[in-house]
Structure formats: C-alpha cells, structure tokens
Amino acid sequence: MFNYIFRLEQALTMDVLISAAFGIEANPQENPDNPVAVAVRKAMTRTTFERILLNALLFLPFGNKIISMFPSLLIANSIPILKIAEEM
C-alpha cells in the first residue's frame with residue numbers, strides 16, 4: 001500500500017517538475033512509461049554508493065577539484081533528460 005502511494009506522489013511531483021521546467025505534458029500518473037517521465041526518474045535516481053561518494057567529495061577540501069575533473073559524477077544520470085531538452 002505504501003509503495004503505491006509513494007509511486008503516485010512521485011508521479012505527481014515529476015508531473016509538476018516536467019511541466020514547470022520543460023513545458024511538457026508528460027502525465028506520468030497515467031503513463032509511467034512516457035520517455036520524458038522515464039528520463040526524469042532516471043535523473044533523480046542515484047545508487048547508495050553514488051550518494052556516499054558525492055557527499056564525501058563535497059565535504060573534502062579538494063572535493064570540488066575532483067568533481068570538476070570528473071563532471072560525469074554529477075550529470076551521468078541526467079544525460080537522457082538533457083538530450084530531450086536539446087531536442088526542444
């Protein structure tokens with residue numbers, strides 16, 4: 001039951017973000033397999049290792065230099081949504 005409510009809340013949040021940021025009516029509540037909704041869901045998802053690594057790097061004095069050397073640490077999950085934004 002909780003998982004169902006969580007998915008509905010997540011879909012509503014994505015719908016608001018997608019329509020506000022990109023001006024697209026994706027309607028992820030009714031169509032969760034919409035390419036835009038899938039790309040946004042992937043952009044918001046990070047593994048536990050990625051979260052720990054990014055948080056550790058942000059607290060290290062030289063962490064910003066490491067992140068600037070490897071920008072894919074920050075944007076790897078966002079590439080599909082960036083491609084959709086470029087097409088618009």
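Mentor: Let's begin with the core and then go through the helix contacts.

This is a predicted model, so local features need pLDDT of at least 70, side-chain atom pairs count only at pLDDT 80 or more, and totals for chains, interfaces and linings use all residues. Residues are numbered from 1 along each chain as its sequence is written, and side-chain values use heavy atoms, with hydrogens and water left out.

The largest nonpolar core has 10 residues: Met14, Ile18, Ile24, Ala26, Val36, Ala37, Ala39, Val40, Ile81 and Ile84. A core here is a set of buried Ala, Val, Leu, Ile, Met, Phe, Trp, Tyr and Cys residues joined through side-chain atoms within 4.5 Å; buried means under 20% relative accessible area, exposed over 50%, partly exposed in between (1.4 Å probe, protein chains only). Two or more residues each come from α1 (2–22), α2 (35–44) and α6 (79–87), and α2 gives the most, with 4 residues. Those helices are DSSP runs (H or I, at least four residues), numbered from the N terminus.

Take Val36: not counting residues up to four places away in sequence, Val36 touches Ile18, Ile24, Ala26, Ile81 and Ile84, where contact means heavy atoms within 4.5 Å. Asn34 is buried, at 14% relative accessible area, and its side chain reaches the backbone nitrogen of Val36 at 2.9 Å.

Now the packing. α2 and α6 pack at an angle of about 140°, with their axes 7 Å apart, which makes α2 oblique to α6. Axes are lines fitted to C-alpha atoms, for helices over the stretch in contact, and angles run from 0 to 180 degrees between N-to-C directions; under 35 degrees counts as roughly parallel, over 145 as roughly antiparallel, 65 to 115 as roughly perpendicular and the rest as oblique. From α2 come Pro35, Val36, Ala39, Val40, Lys42 and Ala43, and they meet Pro80, Ile81 and Ile84 of α6.

One last stop in α1 is Ala11, buried at 6% relative accessible area. Leaving aside neighbours within four places in sequence, Ala11 is in contact with Pro28 and Gln29. Ala11 and Arg41 are 30 residues apart in sequence and 9.0 Å apart in space, C-alpha to C-alpha.

Technical notes. A polar contact is a pair of N or O atoms within 3.5 Å; within protein, one must be able to donate a hydrogen and the other to accept it, and residues adjacent in sequence count only if both atoms are side-chain atoms.
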